[in-house]
Amino acid sequence: MKLFILVLCHGDIRMNKSEMKYIKKEFYFSKVIRAEILFTPFLIALPLIVGFSLIYDWYARGMLEGNPAFNGELVLGIVILVGNIAFDVPFVRSLRVLSKKK
Amino acid sequence: MVKVAERLRDTKKKINSLDFDAHWYRRTFHAFGASFLVYYILPDVDWINILKFWVPPFIVVFVIILEVLRLTGKISSDHFFGLRMYEKNRVGSYVFFAVAILILLRFFPQQIAIPCILCATLGDPIIGEIRQHFGMNYLFLFGFLVCMFFFMIAWFKSDILLFVLASIVGGFGAIIGETKKFWWLDDDFMIQMIPAFLLLIIWISIPYFGSGYPGEIIYPGTMPW
């Protein structure tokens with residue numbers, strides 16, 4: 001990191017191989033994080049869709065038709081929703097903190 | 001000099017935030033795996049059955065090819081965000097995760113596959129958080145209870161004896177799978193396969209208990225048209 005700051009402070013210095021490699025790595029890292037941010041909507045939305053689908057299926061085929069066989073789908077849907085939201089919230093918050101810092 | 005110190009502090013903060021981000025990214029990625037249960041929701045129609053047969057192995061083969069390219073150095077490990085340090089020179093845990101899910105979806109009844117997948121997707125990150133915040137003392141007890149809950153959901157339609165047996169054996173198998181780590185075999189694989197094989201033994205011996213097989217939890221959906 002000291003190296004990186006050195007490069008920032010003295011932009012005119014000639015970089016050696018390891019310095020170049022470090023900068024390249026830093027570039028890769030920011031690229032990967034960008035890819036991760038692009039992937040986030042899918043990462044968050046799909047489990048929620050699956051959870052809601054299970055709850056909807058319980059409602060449509062279980063509750064409305066008075067069939068208790070679908071109760072498992074309700075519990076499963078709630079577990080998937082709660083489990084995912086519990087991890088999505090801190091993840092999105094950390095992404096926001098990161099983007100604010102950037 | 002003060003400026004350099006300030007910059008150092010700023011950069012250190014940034015790096016720390018990146019680590020934190022990777023941590024939650026891994027957790028979210030785990031929880032995302034629960035969406036593979038969509039496999040059981042899909043309607044029982046010919047063309048969807050073909051998709052159900054081909055898409056999961058296609059995804060796993062794609063992941064394996066990606067991993068081979070990474071390990072042979074054709075793709076830099078730097079492109080894989082959230083990869084752990086020890087995974088740099090061995091097969092990544094996401095490959096084990098995907099292979100285990102494929103085996104469960106393809107070869108196990110859903111009463112076994114669903115709780116085992118939930119153990120890896122939701123149980124594993126919860127256990128990780130317990131380990132981080134409360135230490136190892138609470139890990140076994142709370143981890144066991146969390147995983148047992150998933151097996152209770154899946155076996156609630158069975159007889160009381162089977163319900164209790166499957167829940168305890170499943171929870172026990174999952175916690176053993178989570179805590180036993182090998183360099184060459186990841187816990188993401190073990191947490192799914194150990195309870196799956198233990199429950200398979202129970203599943204095979206159900207007729208000897210004199211009871212019937214528990215009903216399915218997820219029923220295939222119907223086409224809206």
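**Exercise 1.** In which hand of crossing does helix 5 of chain B pass helix 8 of chain B?

*Solution.* Start with the ground rules. This is a predicted model, in which local features need pLDDT of at least 70, side-chain atom pairs count only at pLDDT 80 or more, and totals for chains, interfaces and linings use all residues. Residues are numbered from 1 along each chain as its sequence is written, while chains are lettered from A and ligands numbered from 1 in the order in which they are written.

Next, find the helices, which are DSSP runs of H or I with at least four residues, numbered from the N terminus (strands are runs of E with at least two). Chain B has eight helices and zero strands.

Now view the pair: helix 5 of chain B passes helix 8 of chain B in a right-handed crossing (the near helix is turned clockwise from the far one by less than a right angle).

**Exercise 2.** At what angle do helix 5 and helix 8 of chain B pack, and which residues meet?

*Solution.* Step one is geometry. Helix 5 and helix 8 of chain B pack at about 155°, with axes 9 Å apart; axes are lines fitted to C-alpha atoms over the stretch in contact, and angles run from 0 to 180 degrees between N-to-C directions. The two helices of chain B are therefore roughly antiparallel (an angle over 145 degrees).

Step two is the contact (C-beta atoms, placed from the backbone, within 7 Å). In helix 5 of chain B, residues including B:I112, B:C116 and B:C119 meet residues of helix 8 of chain B, among them B:I191, B:P195 and B:W203. By class, this contact of helix 5 with helix 8 of chain B has eleven nonpolar, two polar and two charged residues.

Step three follows one residue. B:C119 touches B:C147, B:F150 and B:A174, among others, not counting residues up to four places away in sequence.

**Exercise 3.** Is B:K180 buried or exposed?

Then count. B:K180 has 12 C-beta neighbours inside 10 Å, so B:K180 counts as exposed. The cut-offs within 10 Å are 20 or more other C-beta atoms for buried, 12 or fewer for exposed, and partly exposed in between, with C-beta atoms placed from the backbone.

Finally, look across the chain: 38% of the 225 residues of chain B count as buried. B:K180 and B:F140 are 40 residues apart in sequence and 12 Å apart in space, C-alpha to C-alpha.

Terms used:
Two residues are in contact if their C-beta atoms, placed from the backbone, lie within 7 Å. Angles under 35 degrees count as roughly parallel, over 145 as roughly antiparallel, 65 to 115 as roughly perpendicular and the rest as oblique. Ala, Val, Leu, Ile, Met, Phe, Trp, Tyr, Cys and Pro count as nonpolar, Asp, Glu, Lys and Arg as charged, and the others, Gly among them, as polar.
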